[in-house]
Amino acid sequence: MDIEVLIESVLNAVTAGITIGCIYGLMCIGLGMIFGIMKVVNFAQGELLMLGMFASFYLVTGGGILAFLGPYIGPFVGAMLAGPIVFLAGAFLHKFLISRVSGLRTAGSIDDGHFGQLIITLGISLILQNGGMIVFGSVPVTVQTPLSSSAFLLGPIYDDATVFLNKAKLVACAVAIITALALYFTMEFTRIGKALRAAADNPVAATYMGIDVDKYYRMAFGLGSGITAIAGGLMATYLSFGSFIGFDYVIIMYSGVVLGGIGSIMGAFWGGLTVGFVQQVSALVLPPQLQNAAIFVAFLMIVLLRPQGLFGRSAERA
Amino acid sequence: MLEVTNLSVAYGGLRALTNVSLTVNQGQFVTVVGPNGAGKSTLFKTISGVVKPMGGTITFLGDDLLALSAAERAHRGIAHVPEGRQVFKTLTVRENLEMGAYPKTGRAAWARSLDRIHTLFPILAERAQQMAGTLSGGEQQMVAIGRGLASAPKLLMLDEPSMGLAPTVTDTIFERISQIHTDGVTVLLVEQRVAEALELSDHGYVLETGHMVLEGPYETLMADDRVRKSYLGLTED
């Protein structure tokens, strides 16, 4: 292979890996909130991603209420608005289903409610997948923006080797990073964020502090849902999707969260980034069918060396 | 201030408390002693709302506590320092104290409370940024008590603060608790270390297998034969 072509494809894979990785990072933060911090096993997280995609789709295309914003801004505003919409959906799911198998009700029980959560969220996942097909139809759709077919050119860097930065992915990446940072600062430094972490850490003690644990669990579940939905809205601008797309991503989300280290927001982001990066860069040497296999090879190697994940810390006294 | 009347609690048909009554007056130091499994922690959990009673009433400053949610009770000025410390392990020491100050009263008094906590337990200032789960048992107990104080409570309930601690550390903890009471906080203490606990208190109760078998001021309890034999290991001579 020509050295020039090689350099070009490596550079392009790396930049695609970073941009897509940031979006995956945001997606993983959503699950990081629910699974990593609140310790709720959620197999319906992929479907929350899917709901985010469709929320954005219906807001933006086909005479949606955001159509007036035009094809450049509309899709990204749509992605941001998918957040609050799916937040409400998540909070609703939590109030009527998830709360029965999590939080104070199961604190101190043998499995901390994980068995119940597994079954309930798998059920929710199946209902949303198949219900989604009835409601949204079976034809894959996408949120179109002219940005996804245009790119910034960097270079030529070496002879004619040029880096193409897809504009849609670049904007999506920026939105993802800003959203992730906003959530990080909220969790780390605000009273609400701290109370949320306290409620997750020890629900009974949090109650003694006057923290309404049920309310905070509901909020955390809504936040986790909304964050993943924003990532979904962003992804909707560059891929076509149907109601079954969540399945492809739920495993990626879990590996990202575990890779980054359970219980850390930024860890989940870096985990997701790593997964996206490995997926894109492996495309250089592997056929597309094996990209997800590459993710798990990298995953196993990292977990072998750092069982607590990249950013996991042990809070127990040794 | 706190009035518990004829309280009965059962866990799935198993009686934990039977017709238990207890009174704590403003400014008092009240201790409940008794052996393991007597229902001391259950009494505390019922007062703070985590366990629902079968019968009886609890009033606090004239309000019916049983009508309030557990979280709401903390906002009314009750701080519960639970058995086994139960600090927020993944939060820093400072964040633990901040969570103690979650109720409005706590937030209003935050600067003053923090000063006071650091004066009582200087080590907590040193370890402010350390995760609470990495502290020693004694230090975690200090975090738990500090967290309780941070809400600027009207009533501080301490559930076996000596549990699992070395004797010298226990002495320090008891000394600080006494100081907290001298500073004007009403204290309700549950302890297995009967002699030390009763010595600090104005009024004591003896709880055995869910029944209040004895109550009275310090002098009365210390003079009682049963207390002397069963709890203090003293024999008549």
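In the predicted model, strand β3 (residues 29–33) of chain B runs parallel to strand β8 (residues 186–191) of chain B, and the two are joined over five bridges. Within this pair, B:Phe29 lies opposite B:Val187 of β8(B). In general, the strands of a sheet are paired through backbone hydrogen bonds, in either a parallel or an antiparallel manner.

Both strands belong to an open sheet of six strands in chain B, arranged in the order β6-β7-β8-β3-β9-β10, with mixed pairing. The edges are formed by β6 (78–81) and β10 (211–217) of chain B, each of which pairs on one side only. On average, and with direction ignored, neighbouring strands of this sheet are turned by 15° against each other.

Two helices of chain B are placed against these strands. Helix α7 (residues 137–149) of chain B packs on the sheet and touches β6 and β7 (155–159) of chain B; the direction of α7 makes about 175° with that of β6(B). Helix α8 (residues 167–182) of chain B lies across β3, β7 and β8 of chain B, and runs at about 155° to β8(B).

In chain A, helix α6 (residues 191–201) is largely enclosed by the rest of the structure, because eight of its 11 residues are buried. The buried residues of α6(A) are A:Lys194, A:Ala195, A:Leu196, A:Arg197, A:Ala198, A:Ala199, A:Ala200 and A:Asp201. The packing partners of these buried residues in chain A are α1 (3–37), α5 (167–189), α7 (203–208) and α8 (213–235). Chain B also contributes to the packing around α6(A), through α3 (93–100) of chain B.

Conventions
Residues are numbered from 1 along each chain as its sequence is written. Chains are lettered from A and ligands numbered from 1 in the order in which they are written. This is a predicted model: local features need pLDDT of at least 70, side-chain atom pairs count only at pLDDT 80 or more; totals for chains, interfaces and linings use all residues. A residue is buried if 20 or more other C-beta atoms lie within 10 Å of its own, exposed if 12 or fewer, and partly exposed in between; C-beta atoms are placed from the backbone. Helices (H or I, at least four residues) and strands (E, at least two) are DSSP runs, numbered from the N terminus. Two residues are in contact if their C-beta atoms, placed from the backbone, lie within 7 Å. Two strands pair if DSSP finds at least two bridges between them. Axes are lines fitted to C-alpha atoms, for helices over the stretch in contact, and angles run from 0 to 180 degrees between N-to-C directions.
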